[in-house]
Amino acid sequence: MSPKPPAKPTAPTAPAASTVSRNARIAWYAGLAVLGVLVGTAGALVQAAWLPLGLILALLATAGLFYGGMRATGTQVGVAAGGVGWLVAVILLSLGRPEGDGVFGGGVGELLFLFGGMAIAVMCTTLSRLSRPTP
């Protein structure tokens, strides 16, 4: 019996083209932006109400939004879409009103929520792209 020749290594195949239409991707990004506004608003309210557990819960929800956006879309644009909505909500809530009312009273918890959320967004954005499974 003659030995079999070694198998030739095959070149990695390019991932299949995305079957998701452009309009569906835009809808995903818009939905993530709206979800970002909701998570940012809820986080701003919860982090001050139940400090320190509320702050941890708000940052976990923020991390879930950003990482989930990346997993759902497979790109860093998913993180950015949720991040834009989150940042808009947090900045608008931090401005307050002329009467002096505001959601953020100014303290360590609010700063940790703001800078912690931005740090989580940067970490999720700089993660490497997800590899697509080949069928």
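The face of α2 turned away from its buried side carries the exposed residues Leu-53, Leu-60 and Arg-71; exposed means over 50% relative accessible area, buried under 20%, and partly exposed in between, with a 1.4 Å probe and protein chains only. The model is predicted, with local features needing pLDDT of at least 70 and side-chain atom pairs counting only at pLDDT 80 or more, while totals for chains, interfaces and linings use all residues. Residues are numbered from 1 along each chain as its sequence is written, and side-chain values use heavy atoms, leaving out hydrogens and water.

The buried residues of α2 are Gly-54, Leu-55, Ala-58, Leu-59, Thr-62, Leu-65, Phe-66, Gly-69, Met-70 and Thr-73. They lie on the same side of α2 because they cover an arc of only 150° around the axis, taken from the directions from the helix axis to the C-beta atoms. Their cover includes the helices tabulated here.

| Helix covering buried residues of α2 | Residues |
|---|---|
| α1 | 22-49 |
| α3 | 76-95 |
| α4 | 108-125 |

Helix α2 (residues 53-73) has 21 residues, so at 1.5 Å a residue α2 should span 30 Å, and its end C-alpha atoms agree, being 30 Å apart. The expected span is 1.5 Å times one less than the number of residues. After α2 comes Gly-74, with a positive phi near 80°.

The protein as a whole has 4 helices and 0 strands, where helices (H or I, at least four residues) and strands (E, at least two) are DSSP runs numbered from the N terminus. Of its 135 residues, 28% are buried.

Definitions and conventions: Contact = heavy atoms within 4.5 Å.
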